[in-house]
Amino acid sequence: MSPTFCSGRCSAALFLVISAVPIAYLISLELAVPSTHVFSYQSSGFFRECAKWDDVGRRFLVSFMDGGGVGEIVPKDSDDVLEEVTLVKDVELAGNASLGIVIDRVRNRLLVAVADLLGNRYSALAAYDLSTWRRLFLAELSGHSEEKTFADDVAVDEQGNAYVTDAKASKIWKVNVNGKLVNTITSPLFTPPGWYNNLVALNGIVYHPDGFLIVIHTFSGYLYKIDLTNGDVSNQVTVIDVSGGTLRFGDGLELLSPTKIVVAGSSSSKLVESSDGWRTASVTGWFSSGMVHRLVSSATVKEGRVYLNHIVGFGSKKKHILVEAVF
C-alpha cells in the first residue's frame, strides 16, 4: 500500500514534502493527543507501510517500506511505548520495499508485496512461514520488461491464491498457492480518464468470502468489484456505485464483515457499507486521527477494534503510531 500522494517514490521525496510543512505546525500536530486509543512503538526505520493484527501470535506485524523486511510489535498491558522487533530481512530483496501484507492463517504464512521504490522496475510477492519465518516462495511479477510496475497490496482467497495490485500499471497479478504467477487481471475500467487520476492506480485489495475482490483506485477514488467465479475474470470487473462521500486518496482496505469495509487514507478514513452484494455502497462513517502529517496507509482489526497504520515515524527514536478508528 503506497503513500497516497506518490507512486512508490523514494524516501527522500517523502522527506521533502514533510519539510515543506512549517515546523511549528508539525510540532502542534505531534503534541495533539488523539481522542482514541493509540499503540506507540519505537522502530528501526522511518517508514512503515502496512500493519496487520496477528490474533494467534498476539502481535501486530508491520512491513518495512524503507529497505524491506517485516517486524512485530507485541502489545503490553500498560500504555508504554512498545518496541519493534525485526523478523525478516531478506538479503535477496535488499533495497526493495516491503509494502502490503496479508496473513494467510489457514496455511500459517504471511504474504508480502515487494517493489522497487525508485525505479518501479521490480515487483514480487514473497511468502513466509509465520512460525519459523522461513521463506516459502518468491514469485517475481516483473523484471524482464520495460513496463514500470509497483506491487502494492495483496489479498488471498480460500484456495490460497494471492492477488497483488499494481499501483503503477493498473492491473492485478494472480499467484497460485505454490507461488506461480498464473495470470493477470486487466480492464479498461482500471484506467479512469485523466492522467492526474492515474498517478497512483490500484491499491488496497481484499477478498470477499462470496468469491470476489474489492479494490480501491487511489487517485480517482473508484471502488471495484471483481467476480472470481465466472469465466474470464477481466470481463467481471464492475465499478461499485458509492454514495455519501468520495473515496479519493483511499489507500488500504480492511473487510470488517460481508457488508462493511474500512477505506484507510489521508486525510480521513471511511466506513463503507453495502446491502446488495457490493453492487452499490455508501459511506456511513468518517474518522481522522488528526495526525495528517503521518499519512494513514492501512487498517487492521484487533479484537473488534479498527486500528489505522500511519506511514511516517518521528523523532530520533522513529516513533510510530497505530490509532484506533471510531466511526
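This is a predicted model: local features need pLDDT of at least 70, side-chain atom pairs count only at pLDDT 80 or more; totals for chains, interfaces and linings use all residues.
Buried means under 20% relative accessible area, exposed means over 50%, and partly exposed lies in between (1.4 Å probe, protein chains only).

Residues are numbered from 1 along each chain as its sequence is written, and side-chain values use heavy atoms, with hydrogens and water left out.

Start with the salt bridges. A salt bridge here is a side-chain nitrogen of Lys or Arg within 4 Å of a carboxyl oxygen of Asp or Glu. The count comes to 18 salt bridges. One of them joins Asp55 to Arg58, with the closest N and O atoms 2.7 Å apart. Asp55 is partly exposed because its relative accessibility is 45%. Arg58 is also partly exposed, at 37%.

Next comes the salt bridge between Arg135 and Asp90, at 3.1 Å from N to O. Arg135 lies in strand β9 (residues 135-140), and Asp90 in the loop between β5 (82-88) and β6 (97-104), so this pair ties together parts that are 45 residues apart in sequence. Helices (H or I, at least four residues) and strands (E, at least two) are DSSP runs, numbered from the N terminus. Arg135 has 29% relative accessibility, so it counts as partly exposed. Asp90 has a relative accessible area of 18%, so it counts as buried.

A further salt bridge pairs Asp276 with Arg279, at 3.4 Å from N to O. Asp276 is partly exposed at 28% relative accessibility. Arg279 is exposed, with a relative accessible area of 58%. Shared partners also build a network: salt bridges join Asp54, Arg59, Glu72 and Arg105 into one.

Now turn to the aromatic rings. A pair of aromatic rings is described by the distance of the centres and the angle of the planes. Rings of Phe, Tyr and Trp (its six-membered ring) pair if their centres lie within 6.5 Å; planes under 30 degrees apart count as stacked, over 60 as edge-to-face, and the rest as tilted. By this rule there are eight aromatic pairs. In one, the ring centres of Phe60 and Tyr307 are 6.1 Å apart and the planes stand at 70°, so the pair is edge-to-face. Phe60 lies in strand β3 (residues 59-64) and Tyr307 in strand β24 (residues 305-310), so the contact ties together parts that are 247 residues apart in sequence. Both Phe60 and Tyr307 are buried.

Phe190 and Tyr224 make another edge-to-face pair, because their ring centres are 5.2 Å apart and their planes are at 80°. Phe190 lies in the loop between β13 (181-185) and β14 (202-208), while Tyr224 lies in strand β16 (residues 223-227), so the pair ties together parts that are 34 residues apart in sequence. Phe190 is buried, at 0% relative accessibility. Tyr224 is buried too, with a relative accessible area of 0%.

Ring pairs also link Phe39, Trp53, Phe60 and Tyr307 into a cluster. A charge sits over a ring if NZ of Lys or CZ of Arg is within 6 Å of the ring centre and within 35 degrees of the ring normal. The charged end of Arg48 sits over the ring of Phe64 in this way, 3.8 Å from its centre.

Finally, look at the backbone in some loops. The peptide bond from Ser266 to Ser267 is cis, with omega near 10°. Ser266 is in the loop between β20 (260-265) and β21 (269-273), and Ser267 is found in the loop between β20 and β21 as well. Ser266 is buried, at 19% relative accessibility.

Asn120 has a positive phi of about 55° although it is not a glycine. Asn120 sits in the loop between β7 (109-115) and β8 (123-129), and is buried with a relative accessible area of 0%. Leu295 has a positive phi of about 65°, again without being a glycine. Leu295 is found in the loop between β22 (280-287) and β23 (296-302), and is buried with a relative accessible area of 13%.
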